Amino acid sequence: QVRLVESGGGLVQPGGSLRLSCAAAESIESDYAMGWYRQAPGKQRELVASITNGGTTNVVDSVKGRFTISRDNAENTVALQMDSLKPEDTAVYYCYIQYGSAYEYRSWGQGTQVTVSS
């Protein structure tokens, strides 16, 4: 199973920016997709953004125009640039990787806390 290591996160004021990064600890032999989920207290985990092996991105409507997902295939990393942060973006953010010949495997990062508060 591919291990993922997240970095970034923290406390930021409304309107501020944060950048989350996630790196695969091992080499990946297959095509893979990566992305980010988040889970706020008392809420279900929701998909925030994803990026395919070919670089096609998708973000949830609530963060469109504010969050940008990108990947570096050479480094097997994915990043989430979060701008114009709002208090409702407060959550634990988890990166994931979907891989395998049929994309049958999924691994998760350990989660990183993002708190948006004045």
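**View 1. The whole chain and its overall size.** With 118 residues, a compact globule would have a radius of gyration near 13 Å, and the 14 Å of this chain agrees with that. This radius is taken over C-alpha atoms, and the globule rule is 2.2 Å times the number of residues to the power 0.38. The model is predicted: local features need pLDDT of at least 70, side-chain atom pairs count only at pLDDT 80 or more, and totals for chains, interfaces and linings use all residues. Residues are numbered from 1 along each chain as its sequence is written, and side-chain values use heavy atoms, with hydrogens and water left out.

View 2. The chain has 4 aromatic pairs (rings of Phe, Tyr and Trp, its six-membered ring, with centres within 6.5 Å; planes under 30 degrees apart are stacked, over 60 edge-to-face, the rest tilted). Tyr-37 and Trp-108 form an edge-to-face pair, 5.2 Å centre to centre with 65° between the planes. Tyr-37 sits in strand β4 and Trp-108 in strand β10, 71 residues apart.

**View 3. Tyr-96 joins in.** Tyr-96 and Trp-108 make a tilted pair, at 5.9 Å and 50°. Ring pairs link Tyr-37, Tyr-96 and Trp-108 into a cluster. Tyr-96 is buried at 6% relative accessible area, while Trp-108, at 34%, is partly exposed (buried is under 20%, exposed over 50%, partly exposed in between; 1.4 Å probe, protein chains only).

Technical notes: Helix = DSSP H or I, 4+ residues; strand = E, 2+ residues; numbered from the N terminus.
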